[in-house]
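Please read them with the structure open beside you.

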Amino acid sequence: MIKSTLYKIRKKLSTKAIFNTRDVTIGKHVFFGNNVIFNCKKVVIGDGTVFHSNITINSDIFSIGDYGTIYSYCFFPGPGKLHIGHNFWLGYSSLIDCQGGTEIGNNVGIGPQSQIWSHMKFGDVMAGCRFHHTKKMIIENDAWLVGHCLVSPVHIGKYSLALLGSLITKDMKSNHIYAGAPAEDVTDKIGNQFNITSTEYRKEYLVVKIEEFSKKYGLYDPWKKIDITDLITEKEAKSSKIVFDVKHRTYTKTYTKLENKLMKFLLPDAKFIPA
């Protein structure tokens, strides 16, 4: 990742993105559409992340990991801290608030026109309004809000799923599915979001995906540059290959164009984070 001044960043990216701070760190292969505005004190953006057009981010501190995608007309009201992990996906015209502090894990998807809130403020406190507070918003790894979801400040467990149009007012248990307004746990009716797969299945699945990728991009003998394991050794971590650990869903970063293409090709069907 590179750290630079506002002037150097804008010159390097040749983009209409605006950073109203000099404390900006941006990874490789990052893309900005038109009218992307960061009204932040600090910005950290990982490799391969894509910002479409007409996005405004007002959090004091904004950080996002590798290979995220944020679609057009999304809004991030502040102030506060917003941390987002790797492989994030945010649909068109969504809102994520961070006044109470918002933490989003790895491999999280939030569908179009969803709203994530961490504060409730408007009434006249002087005159006695009782509803004036902030609360931390936490979304754990691999959670998925399908779309048009409204979410109060809650704790959303890993692997959990909220179906289309859910109104989330209570914590969501790990690997449970919720639906309705207000949302209810429907796991007993339709099962869990995840049935955890074996290491061998993951290896076989990834081999097929990499062969599909190689055929699409004309990569002859991909195994000269890519490897699959269930535990990345110290030697593999230092090699020039992209090494995938299917057991822990991690990989070794090479910062190459091949890595950028491959990781985006695998999404959203296979998600890996840096080892």
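1. Cys129 counts as partly exposed, at 28% relative accessibility. Here buried means under 20% relative accessible area, exposed means over 50%, and partly exposed lies in between (1.4 Å probe, protein chains only). Cys40, by contrast, is buried, with a relative accessible area of 4%.

2. A word on the basis of these notes: this is a predicted model, in which local features need pLDDT of at least 70 and side-chain atom pairs count only at pLDDT 80 or more, while totals for chains, interfaces and linings use all residues. Residues are numbered from 1 along each chain as its sequence is written, and side-chain values use heavy atoms, with hydrogens and water left out.

3. How many disulfides are there? The count is 0, a disulfide being a pair of cysteine sulfur atoms within 2.5 Å. For Cys40, the closest cysteine sulfur is that of Cys98, and at 8.3 Å it is too far for a bond.

4. The whole structure holds 9 salt bridges. The term stands for a side-chain nitrogen of Lys or Arg within 4 Å of a carboxyl oxygen of Asp or Glu. One of them joins Asp230 and Lys203, whose closest N and O atoms are 4.0 Å apart. Asp230 lies in the loop between β28 (226-229) and α4 (234-237), and Lys203 lies in helix α3 (residues 199-217), so this pair ties together parts that are 27 residues apart in sequence. Helices (H or I, at least four residues) and strands (E, at least two) are DSSP runs, numbered from the N terminus. Asp230 is partly exposed at 32%, and Lys203 is partly exposed at 23%.

5. Lys238 and Glu234 form another salt bridge, with 3.4 Å between the closest N and O atoms. Are these two residues buried or exposed? Both Lys238 and Glu234 are exposed.

6. Lys253 and Glu259 also meet in a salt bridge, at 3.5 Å from N to O. Lys253 is partly exposed, at 22% relative accessibility, whereas Glu259 is buried, at 1%. Both belong to a network of salt bridges that also links Asp47 and Asp66.

7. On the surface, Tyr71, Tyr73, Trp89 and Tyr92 form a nonpolar patch with about 420 Å² of accessible area together. Patches are made of residues with over 30% relative accessible area and no salt bridge; like charges are joined within 9 Å, nonpolar side chains (Val, Leu, Ile, Met, Phe, Trp, Tyr) within 5 Å. Accessible areas come from the Shrake-Rupley method with a 1.4 Å probe; for residues, only the protein chains shown count as cover. Tyr73 lies in the loop between β10 (69-70) and β11 (75-76) and is partly exposed, at 47%.
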